[in-house]
Amino acid sequence: MNYAALIQNRKSTREFTDKQVSFPTLEAIRGYYLNKVHRLVPELKTQLYFFGTETRDALERAAGYHQFLIGAPQYLVLMSEKHPAAHLNAGFMMEDLILKLTELELDSCWLTFTDSEEIKEVLGIESDLEVAAIAAFGYGKKTVKRIKLNIRSMSDIDIKTKYRYMEPKRSVRELAFVDSWGSKKNLENYIGFFDDMLWEALYAASNSPSYLNRQAYGFVIRNGSVSLISRPDEYNTEIDGDLSLGVVLLHFTAVAEHWAGKIRWNLQPEEADLGLPEGHKLVAAAAI
Ligand SMILES: Cc1cc2nc3c(=O)[nH]c(=O)nc-3n(C[C@H](O)[C@H](O)[C@H](O)COP(=O)(O)O)c2cc1C
């Protein structure tokens, strides 16, 4: 997949047509999940369920931003065994599936949830695994007016119809630090060239979808390594925070691997002296 291009084309779609997704297309998604999907923790047991329009009302009462229905023809529900990195891994895998949907010219949107048991119950899922990630997909309405979420908090989602769709996101220069958190010294040496691996990978990271578009993270680059740091965020829930971290790791990794070959993230990195302010956490580190 041409990740750099797919990442630029992906956006959250919240208005869908009734057009159904064909059986061969659903099979292509299932085949990708079974054989190719990127996994952050490959040994974790997962399962992918597909649901159609008939589950829309039940599912969207239990998942999604409050008072804001998506109403898609199809849903993906990714299940995972319990593990401290289950949601990081699920964010990584589901975002890879979403980029596969983008390649198949399908539109999509992540759906937040808090209670795995409730989702299992409304969907009639009988499994030892837990619900780890949910996304809606189908064919987006082609309309000039886009519904944009001007998000302040979960209880104050201010929905405005706007002509411009994209939410402003943090730029590469806002996300990247050198040697320690907050330091921009010699940043240009690392990301000064637009066609360099690090710039491309960080640009892909800066385009990541995140819960409430919070992008509560940053990267610290050191000679030969990169670390993902989570920032404290008053709106993030634990699940959505971890899913969003998994998503940004997928964006960075998929593009960086195009240049550098396999990237292995250490999810229990030794605490390096990264000058992290209170509440910031070292999530993962990799040699680059
Ligand atoms: C873990 C997670 C949960 C999300 N939950 C929802 C949701 O329930 N409803 C929704 O409309 N968007 C949801 N989103 C999408 C974000 O709001 C969206 O990514 C962000 O506003 C940036 O817009 P973009 O995806 O078009 O780049 C979620 C995204 C993530 C990563």
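At what angle do helix α2 and α4 pack, and how far apart are their axes? In this predicted model, local features need pLDDT of at least 70 and side-chain atom pairs count only at pLDDT 80 or more, while totals for chains, interfaces and linings use all residues. Residues are numbered from 1 along each chain as its sequence is written, and side-chain values use heavy atoms, with hydrogens and water left out.

Helix α2 (residues 23-35) packs on α4 at an angle of about 145°, and the two axes are 11 Å apart. Helices here are DSSP runs (H or I, at least four residues), numbered from the N terminus. Axes are lines fitted to C-alpha atoms, for helices over the stretch in contact, and angles run from 0 to 180 degrees between N-to-C directions. The crossing of α2 and α4 is right-handed (the near helix is turned clockwise from the far one by less than a right angle). Ile 29, Tyr 32 and Tyr 33 of α2 make the contact with Met 93, Asp 96, Leu 97, Lys 100 and Leu 101 of α4, where contact means heavy atoms within 4.5 Å. By class, these residues are 6 nonpolar, no polar and 2 charged. Ala, Val, Leu, Ile, Met, Phe, Trp, Tyr, Cys and Pro count as nonpolar, Asp, Glu, Lys and Arg as charged, and the others, Gly among them, as polar.

Helix α4 (residues 86-103) also meets α9: their axes come within 7 Å and cross at roughly 55°. The two helices are therefore oblique to each other (angles under 35 degrees count as roughly parallel, over 145 as roughly antiparallel, 65 to 115 as roughly perpendicular and the rest as oblique). This crossing is right-handed. On the α4 side the contact includes His 87, Phe 92 and Asp 96, and on the α9 side Asp 242, Leu 250 and His 251 are among the residues. The contact holds 10 nonpolar, 5 polar and 3 charged residues.

Helix α9 (residues 238-260) comes within 7 Å of helix α8 (residues 197-206), axis to axis, at a crossing of roughly 155°. α8 and α9 are therefore roughly antiparallel. Their crossing is right-handed. Among the residues in contact are Met 197 and Glu 200 of α8, with His 251 and Trp 259 of α9. The classes are 12 nonpolar, 1 polar and 1 charged.

The ligand has 21 residues around it, of which Arg 10, Ser 12, Arg 14, Tyr 65 and Lys 169 come nearest (a heavy atom within 4 Å). A side-chain N or O atom of Lys 169 is 2.5 Å from a ligand oxygen atom.

Technical notes: A polar contact is a pair of N or O atoms within 3.5 Å; within protein, one must be able to donate a hydrogen and the other to accept it, and residues adjacent in sequence count only if both atoms are side-chain atoms.
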